[in-house]
Amino acid sequence: MESTTLAAISRSVALLFLASSACPALAQTDLTELSLEQLLNVEIASASHFTQKASDAPSAVTVISRDDIKQYGWRNLAEVLNSVRGFQTTYDRYFNYAGIRGFLPPGDYNSRLLLMVDGYRTNDNVFDQASIGNEFVLDIDLIDHIEIVRGPSSPVYGGNAFFGAINVITRRGKEMAGGEIAASAGSFDTHKGRATFGRMLDNGMDMVLSYSGLHSNGQNLNFPEFNDPATNNGWTSGADKEKYNKLFAKLGLGGFYLETAWSSRIKGLPTGAFGTVFNNPGSNITDEYGIVDARYTDYVGRGLELTGRTFYGSYNYAGNYLIDNPPVVTNVDLAYSRWWGVEAKLVATRWQGHQGVVGLDYQRNTRQDQINFDADPATQCFANASATPCLDSRASGSRLGLFAQDDIALRENLKFSASLRYDRSNVAQGRINPRLGIIYHPREASVLKLLYGSAFRAPNAYELNYTFPGAFPQVGNPALKPETIQTTEVVWEQFLGNDTRIQASAYVYQINDWIVQVSTLSGALQFQNQPVVKGSGLELEGEQRFASGAQLRASLATQFVPDRPNGALNSAPMHLIKANYSTPLFGSNTWRTGIEAQYVDRCATPSGWIGSYTLANATILWQPRSKGPGPELSFSAYNLFDKRYQQVFPDTSLTSGVPRETLAQDGQTWRLKYLYRF
Amino acid sequence: MRFLPSIFFALFGLLFALPIMAMEQDEAAVKAAFVYNFTKFVEWPSEASGPLQLCLLGNTDPLLAALLKLEGKQSQGQNIQVRSVDRDAGSLGGCRVIVVGTSEAERIAAILNNSQKQPALTVSEIDHFADAGGMIGLVVNNAKVQFEIDAQAVQRANLKLSAQLLKLAQKVKK
């Protein structure tokens, strides 16, 4: 199989190069002969650009715009990532998990992915979690664009940017220039509303204020592991409810920005996971995020730009798990995460041929607390028949990072980028990670990048301290060492005219001291450092804009990681194929449709494999005006062909005693959304 | 389904081997033509002597690439010289027109601060350029290119724009 794929790859690559060299010169009238008046009447092809900025970045970057979010009807970041080359997400009816570069070990809370809002790190300090589902702190409709960076590419990021970093850039008041009211209704009694106001005042102050709320009754689901009359033949009712509230505010003046966001989501737990009583709506989980971020950028001298930032973050997790001890009691699982910090970055462009960056970031983790108890005054921990809580772990700490980078233009078309980052924290000794990159433009429209980067991730409070007794015990591991990764990558990007872009990349990486959850000899779960894991992969992407205003993006990712590195399960598929196509309908942008298809290869389960699946989503958008006051209406159908498919979520703690390997995912669902700008 | 990837690769190759069809006018070429026209309507102060230098600042993007083709064209009886400038402020000397590329969106303030010492017209397609202190911002509305002018910024640099140009601007900030 591999050999045929590789043969096909080599053939296609040959074809691509042929295509690029045979690209015909475009016959055009000489526009410079036209007067200004004439030029003002010339119609241009699609207004959207490829973000050329991406070309010189020392990494393989994907940029997703607000228009993309609109025309494909995406409801959260997980749906965005599903369309992005090399990414894949799974859902256990609680969180969404991102697989990247062939890595998707069940039980990992996206701790190897850095998720930022306007450069602010949203990963909490207990689970290091990148929240890409509905619990994400920001409403997706407030996003201007998303930059997705693969690999340990930049020294600016540090910590969690192990496999990649996602930076969500929020919209500006200037662009909104007024209010927006949005309401949507979808499958399973899902309703969402949003009210946003944004504008730029005459004194240059830019402001945004927004509230969003969602309520969903969820579905009645069937779980074959509970197929018994005593457990309603495996059917749940009312156990899949979801609700969230989100607030966002931003003020900007000159180089100063103050931003705050708050989000609280509560989700029912219908799956019977964690040994909970099946089909009881009383089991639920709440995730609450709060962020405050102040930053200032100023020009401080010839070719010197200084950015300073101070931030505060809080994350609370509260799980209410109904456990039949008996009697049925609520086991309460809590995490309190609090942190603040400062960042400073100086960008120097004053020396010919150099762009230098030096910076530091410091974060103080004031709370990294994890608590677990039974809500029963007599026995606070039934599992070990104790009157004290099952877990009461209080932790705090800090981390410091220093970094320096220099981009040297050796020649007009050749750039060398080198950086060093030093990190230390209360759980990891100081260490230095280098990154090197060569960026070469053999021709104007071609970029070749050779990249090497190393990164590390310190064990988090959950991996170090979470201990829970009982029938399915988990034991903390204070002796964990940080895990490290070395990645080498080659990227080729080619523009064919202004309308076609193709990109091919290949990477190899090696992880040392991989932190992964394993079963100990006593049967408890514990995070342990595992020896070397090696991975590699190949990605290919093409993007084409058509004169009609249509756009096509298609990609393939082939990734090679053992199914069971060191015996631990990895449920990442070997191949991912995606295609996204959006086009105006009836000859204008008033009507647009966006169609996407995703193929996910088979995945490893504890006992074998689950089959591949292909999903398709479609959205029709009506927007009589793209700017200014007016309405907008969209209808989206997700999983258009009602494909029945499974994702890997092993669970041996079910009360039915039947081990679970996979969870069925949603069939066809829909959403109708109305928006009015005023 | 295991052979799907091979098919995909083949289709993929084919897709991009197709010749690119004739299209509506290329946005970058239209914008470059605007920039060329602007050079005809600017009056520089007398100390700005020498050739009509058009300086490009930023990583190559479609507009900057299209502007390279203006080299040698005539404007106000002079030959246009197109020059790519590194980010270093020192080399902006002699620029009569500075076009700021999209790659520089985050450092507009610093660039404009530097270019203030120059009697040069600043032009860019970066969003809100004319609000951020730039002189002429190119914007796209309903698939047509328009421009906004910050008359104050023009005045500060001791430049004069013809009334015709101001009349055709979509917005003039005074």
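Two strands count as paired if DSSP finds at least two bridges between them, and strands (E, at least two residues) and helices (H or I, at least four) are DSSP runs numbered from the N terminus. With that in hand, B:Asn141 stands opposite B:Lys144 in E8(B). Six bridges join strands E7 and E8 of chain B, and the two run antiparallel.

This is a predicted model, in which local features need pLDDT of at least 70 and side-chain atom pairs count only at pLDDT 80 or more, while totals for chains, interfaces and linings use all residues. Residues are numbered from 1 along each chain as its sequence is written, with chains lettered from A and ligands numbered from 1 in the order in which they are written.

Let's step back to the whole sheet. Eight strands of chain B form an open, mixed sheet in the order E3-E4-E2-E5-E6-E7-E8-E10. Its edge strands, E3 and E10, each pair on one side only.

Contact means C-beta atoms, placed from the backbone, within 7 Å; angles run from 0 to 180 degrees between N-to-C directions of axes fitted to C-alpha atoms, for helices over the stretch in contact.

| Helix | Residues | Angle |
|---|---|---|
| H2(B) | 27-39 | about 40° with E8(B) |
| H4(B) | 108-115 | about 180° to E5(B) |

The buried residues of H4(B) (20 or more other C-beta atoms within 10 Å of their own; 12 or fewer is exposed, in between partly exposed) include B:Ile111 and B:Leu112. The buried residues of H4(B) pack against E13 and E14 of chain A, together with E2, E5 and E6 of chain B.

Key: Contact = placed C-beta atoms within 7 Å.
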